[in-house]
Amino acid sequence: MNDSQLILTIVAAVGLGTPLIFATVGEIITERAGILNLGVQGTMLVGAVAGFWATFQSGSLTLGIVASLLAGAAFSLIHAFASITLRVSQIVSGLALTIFGTGLASFLGKAGSDPLVGEPARDQFDSIISGGIADWPIIGPLVFGHDILVYVAWIAAGAASYYLFRTRMGLSLRAVGEDPASAESAGVNVAWVRYVHVMAGGALAGLGGAYYPLALVPTWQDNPIGAAGWIAIALVILASWRPWRALFAAYLFGAAARIQFTLQTLGEPWSNIPATILAMIPFVLAIIAMIALTSGKRARFLGAPAALGIPYFREQR
Amino acid sequence: MRTGNLRRFIALLLALAMVAAACGSDEGTETTEAGGETGGDPMKVAFVHVSPVADKGWSWAHDQGAQYLAANMDVDITTLEAIPEGSDSQRVFEDLAAAGNELIFGTSFGYMEPMLAAAANFPDVTFMHATGFMSSDNMGNYFGAAEEGRYLTGIAAGAATQTNLIGYVAAFPIPEVLRGINAFTLGVQEVNPDAEVQVVWTSTWFDPPLESTAAQSLLDANADVIAMHQDSAAPGQAAEAAGAKWVGYNTDMTEFAETAWLTAPVWDWGPFYLTTAQQVADGSWQSEAYYGNMADGMVDIAPFGPSVSDETRATIEERKAQIIDGSFSVFPDPIVDQDGTSRELGDIFGMDYFVEGVIGSPTG
């Protein structure tokens with residue numbers, strides 16, 4: 001039963017969705033502060049190369065994770081500085097961050113006399129439980145068979161949800177994203193809140209990036225993450241800025257990425273669908289979901305922060 | 001006001017730094033000087049690759065060829081890596097020609113038309129394009145019969161499979177890829193007529209997470225050997241993790257999956273690059289479409305992994321000797337296609353069908 005195509009596809013979807021959860025939850029936190037960060041793709045790549053390098057040097061996955069979090073936070077500081085302090089266009093700054101991060105990760109991957117490119121990872125994330133309860137029918141592979149970061153992603157989504165909607169800090173954060181002037185007059189330091197949450201979002205994006213070369217494809221290769229950063233930005237809307245929903249949106253996307261291949265192995269009539277059509281599934285899904293969620297009256301209940309993308313000038317009303 | 005200007009200045013600086021960093025990494029330049037001064041300036045030769053040469057795949061194999069050239073002839077080699085395909089690459093080729101390179105190699109399919117245009121503007125420079133079909137008076141093209149290596153690796157895969165299902169992670173449905181799948185399958189069936197080859201298309205040349213996912217879907221469909229066409233080692237790592245076997249491509253990738261590794265069709269471009277450079281140097285070069293093979297050494301197979309039995313190795317070596325001396329041809333004529341009907345082999349450079357034993361669609 002545990003090797004039925006359905007179970008195997010869900011297991012694969014969980015693996016593919018995990019890095020998207022980190023990046024999407026990170027971007028939700030950033031956007032809840034009113035800052036649109038289109039630099040997720042670049043930040044994930046910088047986190048990926050930092051995490052891979054740290055594990056490669058030390059042999060420690062923990063250090064790899066720490067490095068990816070720190071690199072992601074530090075890298076997104078550029079966007080925070082440009083968009084909060086300099087108040088430049090967040091779209092331009094974010095795009096620049098992605099172009100910069102893509103080049104930087106590629107450069108770091110092949111810098112030095114003994115470059116990282118083409119090197120296998122020294123260690124990788126594997127299932128934390130093998131055998132025993134992980135072999136139980138259905139719930140074994142679905143609940144117990146994953147690597148540690150899958151569970152960390154669940155905790156991250158839950159914690160972010162609690163933080164946003166159940167804590168005083170979360171209330172301040174949402175106020176800053178909705179109406180920074182009012183938040184300021186209520187005593188919230190808008191710039192400080194935005195800096196902290198842009199960096200927190202960047203840290204999570206960095207962790208999501210590191211999941212690729214340390215778990216999914218344990219090697220350093222140029223751009224090991226595909227287009228994950230862009231997908232994460234779309235998933236924020238699909239999840240309507242709620243961390244719990246990001247969990248399901250990310251798994252849905254993971255499933256779509258996997259199903260295009262599973263259908264090809266199922267034989268007639270599934271294999272008659274052209275592979276190029278199947279390859280479009282995740283992206284078509286994203287467009288449909290975004291249109292469905294953002295059109296008409298529903299958009300008002302979507303949860304997009306009102307001040308998203310708008311630079312805040314303290315003295316202007 | 002003054003702080004406003006300062007902010008703009010800092011923003012501009014940051015933007016410039018980002019652009020510089022992005023450009024710097026995209027067009028990494030390396031110059032290798034060959035040892036030994038033999039009077040006069042060494043001939044300048046340039047290579048343009050689509051991915052970083054350290055990728056241990058396609059571009060790496062070409063770079064090994066460039067190093068072989070540098071070690072055997074007094075040349076001054078410029079290597080440009082990660083140059084995107086398409087019309088922008090024409091500027092790259094023209095810059096290289098203007099910089100005094102007498103011989104310029106472009107090693108990816110999508111450079112074909114830009115290189116043709118650049119060749120027309122620099123009639124005194126020799127251009128060489130890999131894997132394409134266009135040429136002119138000063139632009140030749142070259143490729144090799146990877147199908148010969150594919151056939152031999154198919155023998156290794158056919159002997160290794162226990163489930164009689166072999167997964168093939170395929171790139172794009174073009175003749176080059178179809179030739180590879182068909183030759184591989186014929187090799188599989190020579191030693192194991194019951195085994196079949198299941199193809200899945202990724203529509204990528206290099207996307208590690210996607211190619212890993214494709215391999216995983218094949219493993220989950222009960223395949224126990226994975227073959228592939230893309231440049232990443234990701235399918236092999238998926239096979240290793242699942243305890244399956246792996247036939248790679250381009251280079252010896254043992255280090256990525258030591259237990260799973262069987263062998264791979266590999267390239268040796270070095271001797272061809274040396275011959276071409278020597279012909280350009282002495283003026284005897286002529287534009288042609290060169291198709292290398294196992295006999296001239298451009299195509300070979302990688303060293304065997306530990307699980308390949310002595311018997312299988314002997315079978316492969318025997319076939320290899322027959323391919324080299326010309327007594328065995330990979331594709332029979334007539335050939336039996338996927339539906340079991342016998343048909344004329346036709347032009348293998350336009351191959352658009354699957355042979356018997358392949359599961360999947362040849363149109364992608």
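Six residue pairs are in polar contact across the interface of chain B and chain A, both residues at pLDDT 80 or more. A polar contact is a pair of N or O atoms within 3.5 Å; within protein, one must be able to donate a hydrogen and the other to accept it, and residues adjacent in sequence count only if both atoms are side-chain atoms. This is a predicted model: local features need pLDDT of at least 70, side-chain atom pairs count only at pLDDT 80 or more, and totals for chains, interfaces and linings use all residues. Residues are numbered from 1 along each chain as its sequence is written, chains are lettered from A and ligands numbered from 1 in the order in which they are written, and side-chain values use heavy atoms, with hydrogens and water left out.

The elements giving two or more residues to the side of chain B that touches chain A are tabulated here. Helices (H or I, at least four residues) and strands (E, at least two) are DSSP runs, numbered from the N terminus.

| Element of chain B | Residues |
|---|---|
| α1 | 2-26 |
| β8 | 196-201 |
| α7 | 208-220 |
| α8 | 234-241 |

α7(B) gives the most to this side, with ten residues. By type, the side of chain B that touches chain A has 22 nonpolar, twelve polar and seven charged residues. Here Ala, Val, Leu, Ile, Met, Phe, Trp, Tyr, Cys and Pro count as nonpolar, Asp, Glu, Lys and Arg as charged, and the others, Gly among them, as polar.

The rule finds one salt bridge across the interface. A:R258 pairs with B:D220, and their closest N and O atoms are 3.0 Å apart. The rule asks for a side-chain nitrogen of Lys or Arg within 4 Å of a carboxyl oxygen of Asp or Glu.

In total, 41 residues of chain B are in contact (heavy atoms within 4.5 Å) with 45 residues of chain A. The two chains bury about 3300 Å² between them, 66% of it on carbon and sulfur atoms. Buried area is the accessible area (1.4 Å probe) that two parts lose on being put together, summed over both.

Now the sheets. Chain B has an open sheet of six strands, ordered β11-β10-β9-β7-β8-β17, with parallel pairing. Its edge strands are β11 (261-263) and β17 (358-359), each pairing on one side only. Strands pair if DSSP finds at least two bridges between them. β8(B) and β17(B) run parallel, joined by two bridges. B:V197 has B:V358 as its bridge partner in β17(B).

Elsewhere in chain B, six bridges join β2 (residues 43-48) to β3(B), again in parallel. B:V48 partners B:L80. In β3 (residues 75-80), six of six residues are buried, meaning under 20% relative accessible area (1.4 Å probe, protein chains only). One face holds B:V75, B:I77 and B:T79, the other B:D76, B:T78 and B:L80.

Key
Buried means under 20% relative accessible area, exposed over 50%, partly exposed in between (1.4 Å probe, protein chains only).
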